[in-house]
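Subject: Structure handover

Hello,

Here is the structure for your files. Please open it first, then read the notes below.

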Amino acid sequence: MSFSHLVGQDDLRSALKGSLARGETGHATLFTGPAGSGKKSWGTALARALLCSRTINGEACLSCLSCRSFPEEKNPAFLLVQPKGKSLKIEQFREARPFFQLTGMRRVCLIENASSMTAPAASSLLVTLEEPSDELFFILLADRADLLFSTIHSRCRHYRLKAMKPGEITAVLRGAGHGSHERLDVIARISGGLPGRALKAAGDPDFESRLSMATELAENLAGGSKPLTEYLDIAEDLSARDDLPEVLQILAVLLRELLVRAYGSSEELRLSPGWNPAGLQRVNLSGLEEAVIIINSALKDLATINVNRRLLVLSTIVLIQRRLAVCP
Ligand SMILES: [Zn+2]
């Protein structure tokens with residue numbers, strides 16, 4: 001893919017094309033953004049453009065020998081370094097040294113999950129970065145720049161990927177052949193602006209069951225009339241699901257959508273077209289806002305600490321139910 005084939009990130013595209021066209025691409029480029037934000041697609045597009053023998057306005061031609069030898073493993077001028085196990089190790093950079101020291105051809109080394117570099121690996125890479133060759137380019141990918149060794153970060157030109165708009169995500173899904181998916185707009189909304197997350201959901205056979213569970217729960221909670229005891233079985237089922245975080249993410253999106261609608265936005269609530277809970281007119285708006293915060297906090301706990309999932313789900317539902325309960 002060339003830059004033009006990638007959706008969104010207009011500022012990034014024009015910055016990369018401009019620096020390529022002027023021959024000013026730095027010898028180390030860092031792309032940061034959460035998992036699924038498209039770092040690897042942009043990194044690979046930059047690698048392809050750097051190695052293309054016939055670039056046109058900073059875009060890879062896609063037809064020269066180099067362009068045709070991507071995917072990357074077929075191109076001798078391209079080296080992909082990925083963490084072995086949980087980290088990038090010094091041995092990997094030692095093994096790559098012959099590639100770094102080649103002469104007579106332009107080369108690109110793309111380093112995935114660069115923040116997983118061990119200190120010795122970072123020192124080893126730094127030796128190469130400190131004596132840049134005109135023909136060797138590094139492209140580093142990381143979720144966050146602050147997790148990178150500052151000595152490495154300071155030598156990179158840093159580009160941050162932005163969250164994509166729902167319309168752009170839908171375009172990515174259509175481009176990947178999900179054009180007939182009935183739930184494209186739902187997937188785009190729950191993706192958090194991350195195309196990788198959207199593609200994963202679109203290809204996931206369990207997506208419908210997840211959406212249906214989250215929708216039912218959102219309708220009941222937002223309706224505000226169901227007593228707490230009726231949520232006990234739901235909490236039990238929910239906490240046993242492997243995809244608990246994904247269900248909670250959808251639940252948060254549904255409640256946020258309801259909030260937007262309750263504030264009188266002209267935006268149609270499309271997640272569940274027939275959804276109009278009886279208690280909607282009396283929904284406590286600050287309660288809805290709090291519900292989204294409560295879910296996000298539960299998601300953070302799920303991701304960072306070893307929690308008792310059953311208790312976490314139960315307490316999350318209790319907190320939300322209390323805030324959204326309406327008097328009969
Ligand atoms: Zn080319």
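Are Phe-3 and Trp-42 buried or exposed? Both Phe-3 and Trp-42 are buried. Buried here means under 20% relative accessible area, exposed over 50%, and partly exposed in between, with a 1.4 Å probe and protein chains only.

Some ground rules. This is a predicted model, in which local features need pLDDT of at least 70, side-chain atom pairs count only at pLDDT 80 or more, and totals for chains, interfaces and linings use all residues. Residues are numbered from 1 along each chain as its sequence is written, and side-chain values use heavy atoms, with hydrogens and water left out.

**Aromatic pairs**

The whole structure holds four aromatic pairs. Rings of Phe, Tyr and Trp (its six-membered ring) pair if their centres lie within 6.5 Å; planes under 30 degrees apart count as stacked, over 60 as edge-to-face, the rest as tilted. Phe-3 and Trp-42 form a stacked pair, at 6.0 Å centre to centre and 15° between the planes. The pair links distant parts of the chain, 39 residues apart: Phe-3 is in the segment before helix 1 (10–21), Trp-42 in helix 2. Helices (H or I, at least four residues) and strands (E, at least two) are DSSP runs, numbered from the N terminus. Ring pairs also link Phe-99, Phe-100 and Phe-138 into a cluster.

**Zinc site**

Cys-52, Cys-61, Cys-64 and Cys-67 are the protein donors of the zinc ion, each through SG, lying 2.3 Å from it. Donors are N, O and S atoms within 2.8 Å of the metal (3.2 Å for Na, K and Ca); water is not among the atoms, so sites may look incomplete. The site is tetrahedral, with angles of 102 to 120° among its four donor atoms. For four donors, that label requires all angles between 85 and 135 degrees. The sequence spacing of the donor residues is C-x8-C-x2-C-x2-C. Cys-52 and Cys-64 are both buried.

**Strand 4**

Strand 4 (residues 136–142) is mostly covered: seven of its seven residues are buried. Leu-136, Phe-138, Leu-140 and Ala-142 point one way from strand 4, and Phe-137, Ile-139 and Leu-141 the other way. Strand 1 (residues 28–32) runs parallel to strand 4, joined by five bridges. Strands pair if DSSP finds at least two bridges between them. Phe-31 stands opposite Leu-141. Strand 3 (residues 107–111) also pairs with strand 4 in the parallel sense, over five bridges. There, Val-108 stands opposite Phe-137.

Best wishes

Definitions and conventions
Four donors count as tetrahedral if all angles lie between 85 and 135 degrees; four count as square planar and six as octahedral if opposite donors are over 155 degrees apart and all others between 65 and 115; anything else is irregular.
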